[in-house]
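This report describes the inside of one protein model, element by element. Please keep the sequence and the structure in view while reading.

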Amino acid sequence: MLGVSDLGLKDACLDVRDEPDGILRVAVHGDLTDDRARAVIGVLRRAAHDGRDVLVLADVRHTGSIPASARRISAEEMRTARIDAVAIVGASFPLRVVVTLLAKGVHILTGQLYPQQFFDTEGEARAWLLAQRDALRARRGPVA
């Protein structure tokens, strides 16, 4: 199980949980600070390093602003992280714009393009992520 406390950051405003179905659920309450951005990317890196699918359910219903410094850190840190799919729940229109631009920036910097989708409910997001997982595994073929 992975979590933010594994990285030495104790933050009541950041909740990262490794769900039983293999989805990493991330929720930020309040602004996405530089330290919170680094912590989230650190958990994603660890999941990828462990050889797992990196499927992220980002609950942003209570997320405040994402300052320019946190956006820059996220883009830079993502250069060395692997994400297989991201489902974003509860994003306002301005947050959708910021997240979409951030994903495009990561793509430009790294060449990585990962499926990303916005959802109104966590159930829809989870179903989509599990379908993404199944598609990933089908492309990889049977494990030897």
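## Helix H1

The buried residues of H1 are Arg36, Ala37, Ala39, Val40, Ile41, Gly42, Val43, Leu44, Ala47 and Ala48. Among the elements that cover these residues are S1, S2, S3 and H2. The model is a predicted one, and every value in this report is to be read with that in mind.

In soluble globular proteins, nonpolar side chains tend to be buried together. In this model the largest nonpolar core has 34 residues, and Leu44, Val54, Val56, Ile83 and Ile88 have the most contacts inside it. At least two residues of this core come from each of these elements: strands S1 (14-18), S2 (23-28), S3 (55-59) and S4 (85-89), and helices H1 (34-49), H2 (68-77) and H3 (93-110). H1 gives the largest share, 8 residues.

Setting aside neighbours within four places in sequence, Leu44 is in contact with Leu24, Val54, Val56, Arg82 and Ile83. There is also a second, separate core of 11 residues, and Ile23, Val89, Leu129 and Leu136 are among them.

S1 and S2 form a hairpin with 4 residues between them. In the turn, Gly22 has a positive phi of about 90°. The two strands run antiparallel and are joined by 5 bridges. Val16 has Val26 of S2 as its bridge partner. On the S3 side, Val26 is partnered by Ala58. S2 and S3 run parallel, and 5 bridges join them.

In a regular strand the side chains alternate between the two faces of the sheet. In S2, Ile23, Arg25 and Ala27 lie on one side, while Leu24, Val26 and Val28 lie on the other. Both faces are covered, and 6 of the 6 residues of S2 are buried. Of the 5 residues in S3, 5 are buried.

## Ala85 in strand S4

Ala85 has its place in strand S4. Is this residue buried or exposed? Its relative accessible area is 0%, and under 20% counts as buried, so Ala85 is buried.

Not counting residues up to four places away in sequence, Ala85 touches Val54, Leu55, Val56, Pro115, Trp128, Leu129 and Gln132. Between Ala85 and Val106 there are 21 residues of separation in sequence and 14 Å in space, taken from C-alpha to C-alpha.

## Helix H4

Helix H4 covers residues 122-140, which makes 19 residues. From its first C-alpha to its last it reaches 27 Å, close to the 27 Å expected at 1.5 Å a residue. Gly141 follows H4 and has a positive phi, near 85°.

Which residues of H4 are buried? They are Ala125, Arg126, Trp128, Leu129, Gln132, Arg133 and Leu136. These residues cover an arc of only 165° around the axis, and therefore they are on the same side of H4. The face turned away from this buried side carries the exposed residues Gly123 and Ala138. The cover over the buried residues of H4 includes S2, S3, S4 and strand S5 (116-119).

## The aromatic pair

A pair of aromatic rings is described by the distance of the centres and the angle of the planes. This structure holds 1 aromatic pair. The rings belong to Phe119 and Trp128; their centres are 5.6 Å apart and their planes are at 50°. Planes under 30 degrees apart would count as stacked and over 60 as edge-to-face, so this pair is tilted.

Both partners are below the 20% limit for buried residues. Phe119 has a relative accessibility of 12% and so counts as buried. Trp128 is buried as well, with a relative accessible area of 17%.

How values were computed: Residues are numbered from 1 along each chain as its sequence is written. This is a predicted model: local features need pLDDT of at least 70, side-chain atom pairs count only at pLDDT 80 or more; totals for chains, interfaces and linings use all residues. Side-chain values use heavy atoms; hydrogens and water are left out. A nonpolar core is a set of buried Ala, Val, Leu, Ile, Met, Phe, Trp, Tyr and Cys residues joined through side-chain atoms within 4.5 Å. Buried means under 20% relative accessible area, exposed over 50%, partly exposed in between (1.4 Å probe, protein chains only). Contact means heavy atoms within 4.5 Å. Rings of Phe, Tyr and Trp (its six-membered ring) pair if their centres lie within 6.5 Å; planes under 30 degrees apart count as stacked, over 60 as edge-to-face and the rest as tilted. The expected span of a helix is 1.5 Å times one less than its number of residues. The arc is that of the directions from the helix axis to the C-beta atoms. Two strands pair if DSSP finds at least two bridges between them.
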